[in-house]
Amino acid sequence: MSKIQINKDLSSVKALLGNDAFVIMDNNLKHLCRYFDGCRIIGIETGEQKKCMESVLPIIERLLDEGADRGSFILGVGGGITTDIAGFVASIYKRGVRFAFLPTTLLAQADASIGGKNGVNFEAYKNIIGTITQPEWIYICAEVLRTLPAPQFRAGIAEVLKTFVLFDAAAYGEAVDYFTGLNGFFKERGTLCDGAELYGEERLQLLVSKCAEYKSGVVERDAFERGERRMLNLGHTFAHAIEKVCADDENFAPIMHGEAVAIGMVLAAKVAAKLLGLSNGFAGRLEADLSGVGLPVGLPCNIKSGKAVEMDMLLDALKKDKKVAGNSIHFILPKDLQDVCDMLIPIKELEEICRDLR
Ligand SMILES: NC(=O)c1ccc[n+]([C@@H]2O[C@H](COP(=O)([O-])OP(=O)(O)OC[C@H]3O[C@@H](n4cnc5c(N)ncnc54)[C@H](O)[C@@H]3O)[C@@H](O)[C@H]2O)c1
């Protein structure tokens with residue numbers, strides 16, 4: 001299982017690599033090269049369209065040219081695109097070499113770098129080619145987030161809050177408090193940094209480390225998503241449908257995954273309340289908290305008409321989700337903090353509930 005290495009700075013990362021290391025690094029992170037003196041660095045371009053086999057093959061060619069063998073070690077340095085690609089390369093090169101990650105986006109630190117899902121897209125299919133192979137370790141360090149643009153940072157917040165909704169009510173409260181403060185700070189100063197450091201960097205480091213530990217624990221118990229790991233899909237069924245609608249229709253602005261997850265979590269809480277006959281209290285709290293940290297909570301609007309995505313469009317996209325089983329769909333329903341269930345809901349029933357959602 002992967003070890004979560006929690007560190008205040010990057011000074012100890014190189015010592016973990018050994019003598020035969022290759023660093024696959026996002027080209028936007030050249031300022032981090034100085035921490036990898038003497039290592040062979042393979043720079044890659046990122047972007048969802050670059051997460052494909054056409055990016056994988058030149059890396060393999062370079063590894064061959066440089067004499068990488070089964071004893072070599074690969075470190076992926078970057079956001080989720082880089083860790084997905086680097087992990088995939090490492091798990092197929094010469095049938096697999098040892099590897100680890102230094103995630104540099106909040107989304108990658110809290111989610112993408114943990115769990116061993118590596119892979120690339122093919123044509124319109126996301127993450128359709130890949131492996132489940134665990135990295136040896138994941139180096140979590142808040143300092144690397146200092147250069148992350150605010151929208152990218154914000155997109156990671158939804159995954160952090162999702163994890164705490166599932167596993168830790170106290171940490172959820174602490175995270176909402178911290179990220180709300182960060183949002184206020186950003187609105188006032190136009191930056192996430194307070195001097196050289198991120199606003200409340202130590203608090204952030206603690207929150208991200210805790211979140212990473214939770215995800216790592218789930219993966220250790222259920223690497224192949226047969227039970228508990230499915231809970232991590234909270235908010236994602238609606239999120240994937242929202243992302244699909246926005247991507248397929250130019251009348252909608254592109255939406256980031258983390259933003260779609262925020263909207264998806266609120267919708268899932270509303271469905272839970274309706275389906276299970278609960279009050280809307282938790283959905284209301286979630287909506288207020290996510291909005292307070294700067295995430296969207298309402299369905300995206302058509303740029304021309306100003307109208308929100310129609311529920312029918314969303315339901316059409318949702319029916320194509322891989323969690324559909326026959327006429328039903330696996331759905332993660334949050335009733336309250338640390339009170340979430342995995343239900344198989346008949347699609348007809350879900351349609352009726354969704355059409356009524358406010
Ligand atoms: N494997 C998994 O379990 C898993 C889980 C969730 C998401 N993902 C994948 O993660 C990808 C998205 O990851 P992401 O949001 O981290 O995107 P990303 O890797 O594209 O990074 C976002 C942007 O930030 C830049 N960047 C990264 N770190 C930076 C830093 N410290 N300073 C300045 N700029 C920096 C990158 O160059 C890029 O432009 C998706 O492809 C998604 O499918 C995988």
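How much space lies in the second largest cavity? In this predicted model, about 40 Å³ of space lies there. A cavity is a set of points, on a 1 Å grid over the protein atoms alone, where a 1.4 Å probe fits but cannot get out, and lining residues have an atom within 4 Å of a point. A volume is the space filled by probe spheres set on the points, which are joined across faces, edges and corners.

Because the model is predicted, local features need pLDDT of at least 70 and side-chain atom pairs count only at pLDDT 80 or more, while totals for chains, interfaces and linings use all residues. Residues are numbered from 1 along each chain as its sequence is written, and side-chain values use heavy atoms, with hydrogens and water left out.

A search of the whole structure gives two cavities of 30 Å³ or more.

| Cavity | Volume | Lining residues |
|---|---|---|
| Largest | about 80 Å³ | eight nonpolar, one polar, one charged |

The lining of the second largest cavity includes Ala269, Leu278, Phe282 and Lys335. Two or more residues each come from α8 (257-276), α9 (281-292) and β12 (328-336); α8 gives the most, with three residues. Helices (H or I, at least four residues) and strands (E, at least two) are DSSP runs, numbered from the N terminus.

Among the residues lining the largest cavity are Phe153, Arg154, Asn183 and Val293.

Notes
1 Å grid on protein atoms, 1.4 Å probe; cavity = no way out; pocket = protein on both sides within 12 Å on 5 of 7 lines; lining within 4 Å. Nonpolar A, V, L, I, M, F, W, Y, C, P; charged D, E, K, R; others polar.
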